[in-house]
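The exercises below are meant to be worked through with the sequence and the model side by side. Please try each task before reading its solution.

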Amino acid sequence: MFGLFQRPKLVAGFVASEAISNEFTREIDLAGHLELKNEGSDADLSSVEMMIIAGSRRIPLDVPLLWKGLRLSKGEEKSEELRWKLTLDSPLRAQAGELFVGAHDQKRQTWQWRLPFKFELR
């Protein structure tokens with residue numbers, strides 16, 4: 001009976017191992033370790049989206065196949081080393097950014113995290 005009222009409790013973390021913004025070639029190289037933990041009841045995540053937020057810019061990222069539809073049982077975690085290399089239309093001069101991760105669970109709750117990191121400007 002008490003299990004019916006439990007909710008997922010998701011916690012996300014991102015540690016950037018490489019975050020380079022090259023102004024002249026207009027390239028961004030972002031790599032790091034993304035981790036998602038479930039400290040509550042079971043969660044079925046769908047509609048996962050990821051993007052870089054830097055200043056007023058929003059740069060959409062390709063979501064890896066394993067992260068698109070995700071099931072996390074109680075106490076389970078999903079972690080992976082991810083890398084994105086993008087060429088932009090205009091240079092990015094921001095010194096810091098955030099990895100935005102958003103998802104929906106089976107109870108129609110929206111989960112959103114903004115995970116900060118620093119760019120190395122070249």
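Rings of Phe, Tyr and Trp, the last taken by its six-membered ring, count as a pair if their centres lie within 6.5 Å. The model used in these exercises is predicted.

**Exercise 1. State how many aromatic pairs the structure holds, and classify the pair of Phe14 and Phe117.**

Step 1. The structure holds 3 aromatic pairs.

Step 2. Phe14 belongs to strand E1 (residues 10–22) and Phe117 to strand E8 (residues 110–118), so their pair ties together parts that are 103 residues apart in sequence.

**Exercise 2. Decide whether Phe14 and Phe117 are buried or exposed.**

Step 1. A residue counts as buried when its relative accessible area is under 20%.

Step 2. Phe14 has a relative accessibility of 9%, so it counts as buried, and Phe117, at 6%, counts as buried as well.

Step 3. Phe14 and Phe117 also belong, together with Phe119, to one aromatic cluster.

**Exercise 3. Classify the pair of Trp111 and Trp113, and describe the accessibility of its two members.**

Step 1. The ring centres of Trp111 and Trp113 lie 6.1 Å apart, with 15 degrees between the planes.

Step 2. Planes under 30 degrees apart count as stacked, which means that the pair of Trp111 and Trp113 is stacked.

Step 3. Trp111 has a relative accessibility of 12% and counts as buried; Trp113, likewise at 12%, counts as buried.

**Exercise 4. Describe the protein chain as a whole, from its elements to its surface and charges.**

Step 1. The protein chain contains 1 helix and 9 strands, and, read from the N terminus, their order is β-β-β-β-α-β-β-β-β-β.

Step 2. Along the principal axes, the C-alpha atoms of the protein chain fill a box of roughly 60 × 25 × 20 Å.

Step 3. Among contacts in the protein chain with a separation of 6 or more, 67% come from residues 24 or more positions apart.

Step 4. The protein chain has 122 residues, of which 40% count as buried, and its accessible surface of about 7,400 Å² belongs to carbon and sulfur atoms for 50%.

Step 5. The protein chain carries 18 positive and 18 negative side chains, with 5 Å between the centres of the two sets.

How values were computed: Residues numbered from 1 in each chain as written. Predicted model: local features only at pLDDT ≥ 70, side-chain atom pairs only at ≥ 80, totals over all residues. Heavy atoms only, no water. Helix = DSSP H or I, 4+ residues; strand = E, 2+ residues; numbered from the N terminus. Buried < 20%, exposed > 50% of the residue type's maximum accessible area, 1.4 Å probe, protein only. Contact = heavy atoms within 4.5 Å. Areas by Shrake-Rupley, 256 points an atom, 1.4 Å probe, with all protein chains shown as cover. Lys, Arg positive; Asp, Glu negative; His and termini not counted. Charge placed at Lys NZ, Arg CZ, Asp CG, Glu CD. Phe/Tyr/Trp six-rings, centres within 6.5 Å; stacked < 30°, edge-to-face > 60°.
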